[in-house]
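Thanks, everyone, for making the time this morning. I would like to go through the contacts between the chains, one interface after the other.

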Amino acid sequence: MWKWLHPYANPEVSYHFCGKLQPWFFRLSFLFLAIGLVWALAYAPADYQQGDSFRIFYIHVPAAILSMGIYFAMAVAALSSLVWQLKLADASAAALAPIGAVFAAIALITGAAWGKPMWGTWWIWDARLTSELILLFLYLGVIALHNAFEDKNLAGKAAGILALVGVINLPIIHYSVEWWNTLHQGATVTKLGAPSMASSMYWPFLICFVGFSLLTGAIACQRFRTEILARNSMRPWVRNLAIAQTQGS
Amino acid sequence: MTNLAQQHLSYRAAFALVVKRDLTIALRHKDDIINPLLFFIIVVTLFPLGIGPEANTLSRIAPGIIWVAALLATLLSLDRLFKSDHADGSLEQMLLSPHPIFILVLAKIVAHWLITGLPLIIIAPLLAVLLHLHEQSYAALMLTLLLGTPVLSLLGAIGVALTVGIKKGGVLLSLLVLPLYIPVLIFATSAIDTAALSLPYSGQLAIIAALFFGSLTLAPFAVGAALKVSTN
Amino acid sequence: MSLILSEQLAPLISAKQLTCIREDRILFEQLSLTICAGDIIQVEGPNGAGKTSLLRILAGLSQPFEGEVYFQDQAITHCRELFHQNLLYLGHLPGVKGEMSAIENLTFNLALHGLETDQVEDDLAQVNLLGFEDSLASHLSAGQHRRIALARLLNTKAPIWILDEPFTAIDKQGVQNLEQLFLDHAEQGGCVILTTHQDLTLAAKRMKKISLTYRLY
């Protein structure tokens with residue numbers, strides 16, 4: 001059933017496959033983001049309560065969703081590396097971590113920027129912001145651990161274990177923070193009623209989200225290729241590639 | 001003809017063996033027990049000096065101070081869990097013993113808790129007096145520490161196991177471990193706060209107990225896997 | 001008869017197509033070996049050629065990049081408990097705790113591997129540690145630490161010995177005794193895999209060698 005996947009466990013095949021995939025990801029993400037962002041920032045209706053400051057939502061929410069999704073993807077990669085000894089899965093987890101961290105940081109910064117007009121302060125200990133901050137800490141832990149090892153294969157395994165521990169803890173942390181928040185603050189003003197969003201706001205949001213996801217795919221492909229090269233630098237095919245590159249230029 | 005060795009192994013004996021060994025070493029090296037404890041006491045006494053001696057303020061933030069200090073003291077003491085064993089090669093021998101790594105790791109964590117967690121619990125009421133903790137809160141403080149400090153040791157062990165092979169792992173360790181401690185901190189301090197209002201806090205205790213049993217069953221596996229990577 | 005013969009030929013430990021990569025360097029590639037009862041094998045090669053890595057992979061401490069190690073035709077990852085009962089590995093580091101006495105160290109090491117501990121005093125006497133039984137190991141020398149670790153050889157039932165530089169910090173007489181011990185062990189159907197930079201005298205005739213070379217790539 002999984003036979004068709006086997007060639008992709010070979011680093012060389014994956015390297016070239018990602019090389020072919022990546023430009024398409026880039027083109028599509030550019031297209032989607034161009035349409036989505038112009039629609040969202042210029043044409044979508046302003047929120048009747050929040051005015052134009054609401055438009056940061058089109059960047060903030062995709063970034064927040066992606067930061068969590070990427071952590072989950074990283075944990076899945078780490079699990080498959082531990083269970084099935086897939087060496088490439090380590091590389092993909094390592095490729096994903098910094099992207100997720102950047103999205104978490106974007107979500108935090110846009111969240112703070114949104115909070116200033118909304119709540120009159122850059123930071124409040126809102127449950128969602130707090131869990132996003134802790135998610136960023138978890139990402140930074142994974143990245144720091146990965147960087148601390150000299151041997152990239154060991155680094156991948158260690159970071160993978162940490163990502164798995166983190167993914168088990170993430171929901172616990174999330175709910176404990178939410179519970180802590182309601183306990184200490186009473187009912188916070190919920191930022192937006194998700195189900196009651198008008199379709200004129202919903203469509204640009206969806207297009208933006210798809211655009212950011214495709215951008216993630218493109219960057220992940222690029223980083224994955226670099227990771228493969230770094231881990232296989234002593235292999236003949238990498239040498240041949242390097243020779244071909246230098247002769248070509 | 002070769003005679004292969006195969007005998008029945010007693011897991012309980014192996015567990016007791018490792019606990020006894022770690023306790024023996026710690027008792028002959030008393031700094032390891034006393035220093036984290038001193039750190040705990042000093043950190044707690046710093047807060048009144050920084051915030052002011054007003055009893056009402058202190059008693060309101062006392063649970064948070066005690067728990068954060070306990071967290072940091074545990075973090076400081078975590079290093080001794082695997083570091084010296086890794087440095088002198090006994091960790092390798094443990095991984096090569098026929099006993100399941102799970103048992104040995106659990107034994108080391110239990111020993112670590114007896115050496116560092118238990119003294120914290122014993123000294124905590126004294127510090128609570130210094131911070132004017134509400135009288136109703138003492139039971140909650142003790143119970144949360146009793147259930148919560150083992151979780152700190154268990155989760156911390158994962159972090160140490162991951163960083164034991166790294167030369168400058170100390171700061172990295174805190175970066176890895178502290179975010180994992182957040183749920184324990186939240187529920188423990190909330191239980192103590194609730195107790196101060198004379199309200200039932202069994203819900204929070206139940207959650208800390210759940211965290212305890214969850215980490216008790218899962219953490220030793222993660223530690224075992226991490227140690228295999230670190231000694232590779 | 002044929003049954004016994006085939007059992008005698010059955011390898012104790014074998015490795016198939018091991019590849020080991022450290023950082024960016026391939027230490028060895030597609031290395032296969034078979035070690036039977038009675039073998040004394042010296043792994044030789046210059047520093048950094050991967051001797052220790054090979055021993056650690058054979059002991060199951062490190063995972064090879066590719067390939068697998070087998071204990072009696074079973075992958076060691078699938079029969080961990082049985083394999084470890086039949087394995088004695090001593091690495092660069094003696095695994096001796098400074099805070100415990102010589103006798104406590106040896107007792108713990110034996111008990112950890114599920115072995116009898118009633119002869120520890122005799123064992124320590126045999127490795128010339130008579131009179132040091134109750135000294136804390138931190139007061140003993142490096143050679144004495146090594147002897148505490150090696151005392152386990154006298155008491156073990158494990159047929160597979162993997163020893164990384166066992167003669168480090170051991171005096172001449174001690175080296176000879178050890179060599180005799182290896183020969184006896186091989187006679188009794190065990191095998192010894194070791195690395196050393198010393199020239200061995202007694203065991204030289206029986207010894208087989210595996211040479212690893214330093215590779216740039």
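What follows is a short walk through two interfaces, and please keep in mind that this is a predicted model.

Let me begin with chains A and B, where 24 residues of chain A are in contact with 22 residues of chain B. Together these two chains bury about 2,000 Å², with 88% of that area on carbon and sulfur atoms. On the chain A side, the elements that contribute two or more residues are α4 (127-148) and α5 (152-185), and α5(A) gives the most, with 15 residues. That side of chain A consists of 20 nonpolar, 3 polar and 1 charged residues.

Now to chains C and B, where 43 residues of chain C meet 37 residues of chain B. Here about 3,500 Å² is buried between the two chains, 54% of it on carbon and sulfur atoms. In chain C, Gln85(C), Lys97(C) and Leu112(C) lose the most area to chain B, and together they account for 19% of what that side buries.

How many salt bridges cross the interface of chain C and chain B? There are 4, and one that I can show you is formed by Glu92(B) with Arg56(C), whose closest N and O atoms are 2.6 Å apart.

Conventions:
Residues numbered from 1 in each chain as written. Chains lettered and ligands numbered in written order. Predicted model: local features only at pLDDT ≥ 70, side-chain atom pairs only at ≥ 80, totals over all residues. Heavy atoms only, no water. Contact = heavy atoms within 4.5 Å. Buried area = accessible area lost by both parts, 1.4 Å probe. Helix = DSSP H or I, 4+ residues; strand = E, 2+ residues; numbered from the N terminus. Nonpolar A, V, L, I, M, F, W, Y, C, P; charged D, E, K, R; others polar. Salt bridge = Lys/Arg side-chain N within 4 Å of Asp/Glu carboxyl O.
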